[in-house]
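Here is a short briefing for a reader new to this structure. Take a look at the sequence and the model first.

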Amino acid sequence: MTSSVPASSLDPAVAARLKRSADGLIPAIAQQYDTGEVLMLGWMDDEALHRTLTTGRCTYWSRSRQEYWVKGDTSGHVQHVKSVALDCDADTVLVKVDQVGAACHTGARTCFDTDVLLDK
């Protein structure tokens, strides 16, 4: 990330628990809160997680654009946050959301429906 990224306001107790990748990010899985449908995977740094926790909208870090993006600000396909949890290793975040519209940038409801490798 760039040095222009502001210091995070994430609770220091939460920040101390996170196990980040070499670039300071953690994967964030978005899941439909009422059906369990896995919608997408995005990336968060401490500030994106803080914004997600405090605004009620999912904020991600765009690795390609090197900037924050709030899901739905340009597409209208908003993710309203219902709950946020860390996995047992504190290296992945699960964000349960109420998804409005498509979650995938392709316009699909989920990013995981077009290339199924196994379905028993």
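Predicted model: local features only at pLDDT ≥ 70, side-chain atom pairs only at ≥ 80, totals over all residues.

UniProt, in an unreviewed entry, lists residues 40–112 as "domain: Phosphoribosyl-AMP cyclohydrolase". That span is 14% helix and 38% strand.

**Helix H2 and its ends**

- Helix H2 covers residues 46–55.
- Its buried residues are Asp 46, Glu 47, Ala 48, Leu 49, His 50 and Thr 52.
- Asp 45 caps the N-terminal end of H2. A side-chain oxygen of Asp 45 lies 3.2 Å from the backbone nitrogen of Glu 47.
- Just after H2 comes Gly 56, with a positive phi of about 80 degrees.

**Glu 47**

- Glu 47 sits in helix H2. Its relative accessibility is 8%, so Glu 47 counts as buried.
- The side chains of Glu 47 and Ser 8 make a polar contact of 3.4 Å.
- A polar atom of the Glu 47 side chain also lies 3.1 Å from the backbone nitrogen of Ser 9.
- Beyond its neighbours within four places in sequence, Glu 47 contacts Ala 7, Ser 8, Ser 9 and Tyr 68.

**Thr 52 and Leu 53**

- Both Thr 52 and Leu 53 belong to helix H2.
- Are they buried or exposed? Thr 52 has 0% relative accessibility, so it counts as buried. Leu 53 has a relative accessible area of 46%, so it is partly exposed.
- A polar atom of the Thr 52 side chain lies 2.9 Å from the backbone nitrogen of Thr 59.
- Leaving out neighbours within four places in sequence, Thr 52 is in contact with Met 44, Arg 57, Cys 58, Thr 59, Val 81, Val 84 and Val 95.
- Leu 53 touches Leu 10 and Val 84, not counting residues up to four places away in sequence.
- Leu 53 and Lys 82 are 29 residues apart along the chain, and their C-alpha atoms are separated by 9.8 Å.

**The largest pocket**

- The largest pocket holds about 540 Å³ of space.
- Its lining has 25 residues. Met 40, Arg 65, Trp 69, Lys 71 and His 105 lie nearest the centre.
- Strand S2 (38–44), strand S3 (59–62) and strand S4 (67–70) each give two or more residues to the lining.
- The lining residues divide into 11 nonpolar, nine polar and five charged.

**The annotated cysteines**

- UniProt, in an unreviewed entry, places the feature "binding site" at Cys 88, Cys 104 and Cys 111.
- These residues spread over 24 residues of sequence. They are also spread in space, with up to 26.6 Å between C-alpha atoms.
- Cys 88 lies in the loop between strand S5 (79–86) and strand S6 (93–99). Its relative accessible area is 78%, so Cys 88 is exposed.
- Cys 111 is in the segment after S6. At 32% relative accessibility, Cys 111 counts as partly exposed.
- Cys 111 touches Leu 39, Met 40 and Cys 104, leaving aside residues up to four places away in sequence.

Terms used
Residues numbered from 1 in each chain as written. Heavy atoms only, no water. UniProt positions renumbered as here; feature names shortened; annotations may be inferred. Helix = DSSP H or I, 4+ residues; strand = E, 2+ residues; numbered from the N terminus. Buried < 20%, exposed > 50% of the residue type's maximum accessible area, 1.4 Å probe, protein only. Polar contact = N/O pair within 3.5 Å; in protein donor to acceptor, adjacent residues only side chain to side chain. Contact = heavy atoms within 4.5 Å. 1 Å grid on protein atoms, 1.4 Å probe; cavity = no way out; pocket = protein on both sides within 12 Å on 5 of 7 lines; lining within 4 Å. Points joined across faces, edges and corners; volume = space filled by probe spheres on them. Nonpolar A, V, L, I, M, F, W, Y, C, P; charged D, E, K, R; others polar.
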